[in-house]
Amino acid sequence: MNVEISYRERLHIPAGSMLSVTLQGTSGSKNVLNTPIKSGPPYVVKIKLNKDQLYPVTVKAKLVSTNGHQLAGDVTLNSAPSKPVPLRVSTAI
């Protein structure tokens with residue numbers, strides 16, 4: 001499954017910042033992908049969906065900047081997506 005992560009805040013997220021994407025289905029199984037950021041948004045990542053993961057599936061993303069900013073967001077999918085899943089992260093209030 002491809003996930004396209006973006007944000008609206010006027011922040012500079014430098015290369016080397018860490019992006020963590022978690023995929024969890026109702027079966028309880030979980031996949032986690034941790035990857036360093038190499039360029040600007042949107043960040044497109046591919047995360048494997050296990051055959052035993054049942055829908056709905058929750059996709060969570062957390063972006064931790066080397067500058068100290070933290071952005072997070074999630075989206076719940078009720079069925080398999082046919083195109084990249086858009087996920088907007090934002091700073092915590």
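Student: What share of the 93 residues of the protein count as buried, and what makes a residue buried?

Tutor: The share is 32% of the 93 residues. Buried means under 20% relative accessible area, exposed over 50%, and partly exposed in between, with a 1.4 Å probe and protein chains only. This is a predicted model, where local features need pLDDT of at least 70, side-chain atom pairs count only at pLDDT 80 or more, and totals for chains, interfaces and linings use all residues. Residues are numbered from 1 along each chain as its sequence is written, and side-chain values use heavy atoms, with hydrogens and water left out.

Student: How do you know that the radius of gyration agrees with a compact globule?

Tutor: The rule for a globule is 2.2 Å times the number of residues to the power 0.38, with the radius taken over C-alpha atoms. For 93 residues a compact globule would come near 12 Å, and the protein has 13 Å, so the two agree.

Student: What makes up the secondary structure of the protein?

Tutor: There are 0 helices and 7 strands, in the pattern β-β-β-β-β-β-β along the sequence. Helices (H or I, at least four residues) and strands (E, at least two) are DSSP runs, numbered from the N terminus.

Student: Where is Pro 42 found, and what kind of peptide bond joins Pro 41 and Pro 42?

Tutor: Pro 42 lies in the loop between strand S3 (30-36) and strand S4 (43-46). The bond between Pro 41 and Pro 42 is cis, as omega is about 0°. Most peptide bonds are trans.
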